[in-house]
Amino acid sequence: MRCGFVALVGRPNVGKSTLLNALVGEDVSIVASRPQTTRDRILAVITREDAQLIVVDTPGIHRPRARLGERMNREAAAALSDADAIVMVADATDGAAGIERDEQVFIEIDAAKKPAILALNKVDLVKPKTALLPTLEAYTKAREWKGIVPIAAKTKDGLSRLVDECLSFLPEGPMLFPKDAVTDRPERFLAAERIREAVIHETADELPYVTAVEIERFEESEKIVHIGATIHVEREGQKKIVIGAGGAQIKAIGTRARKAIEPMVGRKVMLELWVKVSPGWTKSPGAMERLGYGSSGPGRRR
Ligand SMILES: Nc1nc2c(ncn2[C@@H]2O[C@H](COP(=O)(O)OP(=O)(O)OP(=O)(O)O)[C@@H](O)[C@H]2O)c(=O)[nH]1
Ligand SMILES: [Mg+2]
């Protein structure tokens with residue numbers, strides 16, 4: 001039996017979370033067409049007869065604008081230092097030019113001194129397929145890889161080969177998670193993330209970067225789960241956007257989030273949402289700590 005950790009790293013928006021979800025076949029981590037979506041390390045478990053592969057999604061490594069962004073980069077670096085192997089995810093549609101923008105990611109991978117595999121993602125968008133060759137060649141030259149696997153997380157192309165490549169770097173040992181485990185995150189956390197995802201999808205502009213969701217109430221009964229949550233933003237104007245004219249926006253957010261949470265908890269969900277202005281929370285250590293983005297690592301939340 002082999003069991004170990006593989007960290008997914010890369011720039012924002014290259015498809016790390018899509019890959020994590022595709023690997024386990026469930027929506028564990030949130031996905032959006034905008035960068036800087038993932039904020040914490042999030043783990044998913046793949047159990048096979050002969051191995052347990054624990055895959056860790058991380059925030060995209062980027063140039064931070066606020067303390068929250070610095071913490072996101074630290075989360076990614078910490079996941080690297082805990083991993084047995086690294087899968088760097090890159091976006092094939094950026095071509096060889098993407099490598100320049102990957103510089104900071106390379107620095108983090110080099111510092112971790114772990115075996116690294118390159119997953120060149122979104123190959124479904126590259127046409128004709130021969131257009132991939134110069135990109136593959138450029139990445140091959142850029143640094144040393146234990147393997148290079150072209151994939152499309154969205155269509156699940158190349159994923160079984162990627163898993164096979166990862167397995168050879170896992171140490172021998174017993175399973176760390178139960179056979180049927182999908183993630184180590186509690187439902188409260190996953191529900192909060194689904195609400196944050198709904199805000200990202202239903203709103204535009206700066207809102208995705210300033211939203212935090214705090215679960216105030218999570219009460220389960222046989223047929224229904226009552227969830228109450230506060231959506232924190234930084235400014236009054238942002239609160240107005242989230243609520244929308246006559247409350248239309250917050251209603252759309254609630255509906256979207258509820259539909260995403262119901263299959264997860266396997267029951268009907270009653271969702272109550274509030275919006276609160278927490279000025280400058282993405283820059284304040286105290287406020288970040290309170291909202292679950294403390295310095296003591298991930299998962300302190302809820
Ligand atoms: N066509 C295509 N789109 C993809 C693929 N993988 C991811 N995407 C899209 O790329 C966008 C970003 O995906 P995410 O999984 O959120 O990217 P991420 O790397 O986790 O981003 P951060 O959390 O911000 O670092 C989404 O719109 C995905 O649907 C793929 O294989 N093919
Ligand atoms: Mg992500």
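**Cavity, helix packing and backbone in a predicted model**

Trainee: How many cavities of 30 Å³ or more does the structure hold?
Mentor: This is a predicted model. Counting cavities of 30 Å³ or more, the structure holds one.

Trainee: How much space lies in the largest cavity?
Mentor: Its lining includes Val6, Leu8, Leu53 and Val55. The space in the largest cavity is about 50 Å³.

Trainee: Which element gives the most to the lining of the largest cavity?
Mentor: Strand E1 (2-9), H1, strand E3 (51-57) and H6 each supply at least two lining residues. Among the residues of the lining are Leu162, Val163 and Cys166. With three residues, the element that gives the most is H6.

Trainee: By class, what residues make up the lining of the largest cavity?
Mentor: Leu19, Leu23 and Val87 are among the lining residues. The lining has no polar and no charged residues, and its nonpolar residues number 10.

Trainee: Is H1 roughly parallel or roughly perpendicular to H6?
Mentor: Helix H1 (residues 16-24) packs on helix H6 (residues 159-167) with the axes 11 Å apart and an angle of about 90 degrees. That angle makes the arrangement of H1 to H6 roughly perpendicular.

Trainee: Which residues in H6 are met by residues in H1?
Mentor: The residues of this contact divide into six nonpolar, no polar and no charged. H1 brings Leu19, Ala22 and Leu23, and they meet, in H6, Leu159, Leu162 and Val163.

Trainee: At what angle do helix H9 and helix H10 pack?
Mentor: H9 covers residues 236-243 and H10 covers residues 248-265. Their axes are 5 Å apart, and the packing angle is about 65 degrees.

Trainee: How many polar residues does the contact of H9 with H10 have?
Mentor: H9 contributes Ile241, Val242 and Ile243, while H10 contributes Ala248, Gln249, Ile250 and Ile253. By class there are six nonpolar and no charged residues, and the polar count is one.

Trainee: What distance separates the centres of domain 1 and domain 2?
Mentor: The protein chain is divided into domain 1 (2-167) and domain 2 (187-290). Their contact takes 19 residues from domain 1 and 22 residues from domain 2. Taken over C-alpha atoms, the centres are separated by 27 Å.

Trainee: Is the peptide bond from Lys127 to Pro128 cis or trans?
Mentor: Pro128 is found in the loop between strand E5 (116-121) and helix H5 (132-142). Most peptide bonds are trans. For the bond from Lys127 to Pro128, omega is near -10 degrees, and the bond is cis.

Trainee: Where is the place of Asn13?
Mentor: Most residues other than glycine have a negative phi. Asn13 is not a glycine, yet has a positive phi of about 75 degrees. Its place is in the loop between E1 and H1.

Conventions. Residues are numbered from 1 along each chain as its sequence is written. Chains are lettered from A and ligands numbered from 1 in the order in which they are written. This is a predicted model: local features need pLDDT of at least 70, side-chain atom pairs count only at pLDDT 80 or more; totals for chains, interfaces and linings use all residues. Side-chain values use heavy atoms; hydrogens and water are left out. Axes are lines fitted to C-alpha atoms, for helices over the stretch in contact, and angles run from 0 to 180 degrees between N-to-C directions. Helices (H or I, at least four residues) and strands (E, at least two) are DSSP runs, numbered from the N terminus. Angles under 35 degrees count as roughly parallel, over 145 as roughly antiparallel, 65 to 115 as roughly perpendicular and the rest as oblique. Contact means heavy atoms within 4.5 Å. Ala, Val, Leu, Ile, Met, Phe, Trp, Tyr, Cys and Pro count as nonpolar, Asp, Glu, Lys and Arg as charged, and the others, Gly among them, as polar. On a 1 Å grid over the protein atoms alone, a cavity is a set of points where a 1.4 Å probe fits but cannot get out, and a pocket is an open set with protein on both sides within 12 Å along at least five of seven lines; lining residues have an atom within 4 Å of a point. Grid points are joined across faces, edges and corners, and a volume is the space filled by probe spheres set on the points. Domain bounds come from an automatic or database domain assignment.
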